[in-house]
Amino acid sequence: MGENDILISAAKQARENAHAPYSNFRVGAALRAASGRIFGGCNVENATYGLTVCAERIAIFKAISEGERGFDAIAVVTDTDTLTPPCGACRQLIWEFCGDVPVILANLKGKTEIIPMRELFPKPFDSSNL
Ligand code: THU
C-alpha cells in the first residue's frame, strides 16, 4: 500500500468516530507529519451547531498539541460521490500549519483526487502579511 493509501485508510478509520447526529455528514481526516506519525480526526458536532469542529481541524490540533511541526499531506474522506474539499476555515488552518501540501480527497467507493493547497487557497492571509 502506498503512502497516500495509508493516509486515506487512516482518514476512513477516523471517520468511524464522527459525532455528526445533526448533519449526518460524517467526515474523516488524516494528517501525515514529517516525523512519519499519522494523526486522524473526525467531525465533532454540538447541539449548539456553531461549536462544531471539522475533521481536518481536529487532526491538526491533535498533532500540534502533541508537539508535531511540519506536515507532508492531509487526506479527507466522506461517503459522497462528489469528493469533499476542506471548508474555508480549515483551509486557513491547513495553510498555517502545513503550507502547500497535497490535499488527498477520497470517498468510500475508492474515488480519489489530489489537489495542492496552493490551488485550494490561492491568495492566503498568513504571517507574511503581518
Ligand atoms: N465538515 C468537516 O468535518 N470537514 C469538511 O471538510 C466539511 C465539513 C463537517 C462539519 C459538519 O459536522 C458537517 O461536516 C457538515 O458541514
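**Core, ligand site and charged pairs in a predicted model**

The largest nonpolar core contains 24 residues, and Leu 31, Phe 71, Ile 94 and Met 117 have the most contacts inside it. A nonpolar core is here a set of buried Ala, Val, Leu, Ile, Met, Phe, Trp, Tyr and Cys residues joined through side-chain atoms within 4.5 Å. Buried stands for under 20% relative accessible area, exposed for over 50%, and partly exposed for values in between (1.4 Å probe, protein chains only). At least two residues of this core come from each of strand E1 (28-33), helix H2 (55-65), strand E3 (71-78), helix H3 (88-98), strand E4 (102-107) and helix H4 (117-120). Helix H2 provides the largest share of the core, with five residues. Helices (H or I, at least four residues) and strands (E, at least two) are DSSP runs, numbered from the N terminus.

Residues are numbered from 1 along each chain as its sequence is written, and side-chain values use heavy atoms, with hydrogens and water left out.

The ligand comes next. It is surrounded by 13 residues, of which Asn 43, Glu 45, Cys 54, Ala 55 and Glu 56 are the closest; a residue is counted as near if one of its heavy atoms lies within 4 Å. A polar backbone atom of Pro 85 is 3.5 Å from an oxygen atom of the ligand. Taken alone, the ligand exposes 370 Å², and 79% of that is buried by the protein. Accessible areas come from the Shrake-Rupley method with a 1.4 Å probe, and for residues only the protein chains shown count as cover.

The loop between E3 and H3 also holds Thr 84. This residue counts as buried, because its relative accessibility is 15%. Its side chain makes a polar contact of 2.7 Å with the side chain of Thr 78. A polar contact is a pair of N or O atoms within 3.5 Å; within protein, one must be able to donate a hydrogen and the other to accept it, and residues adjacent in sequence count only if both atoms are side-chain atoms.

Charged pairs form another part of the picture. Side chains of opposite charge can pair when their charged atoms come close. Five salt bridges are present in the structure, each being a side-chain nitrogen of Lys or Arg within 4 Å of a carboxyl oxygen of Asp or Glu. One of them joins Arg 32 to Glu 3, with 3.5 Å between the closest N and O atoms. This pair links distant parts of the chain, since Arg 32 is in strand E1 and Glu 3 in helix H1, 29 residues apart. Arg 32 is buried at 10% relative accessibility, whereas Glu 3 is exposed at 54%.

Arg 37 takes part in a salt bridge with Glu 66 (3.9 Å, N to O). Glu 66 lies in the loop between H2 and E3 and Arg 37 in the loop between E1 and E2, so their pairing ties together parts 29 residues apart in sequence. Arg 37 is partly exposed, at 41% relative accessibility. A salt bridge also connects Arg 37 with Glu 68 (3.7 Å, N to O). Here the partners are 31 residues apart, and Glu 68 is in the loop between H2 and E3. Glu 68 is buried, with a relative accessible area of 10%. Through shared partners, Arg 37, Glu 66 and Glu 68 form one network of salt bridges.

Most residues other than glycine have a negative phi. Asn 24, although not a glycine, has a positive phi of about 55 degrees. Asn 24 sits in the loop between H1 and E1 and is exposed at 61% relative accessibility. Tyr 49, likewise not a glycine, has a positive phi of about 60 degrees. Tyr 49 belongs to the loop between strand E2 (38-42) and H2 and is exposed, with a relative accessible area of 57%.

Definitions and conventions:
Predicted model: local features only at pLDDT ≥ 70, side-chain atom pairs only at ≥ 80, totals over all residues.
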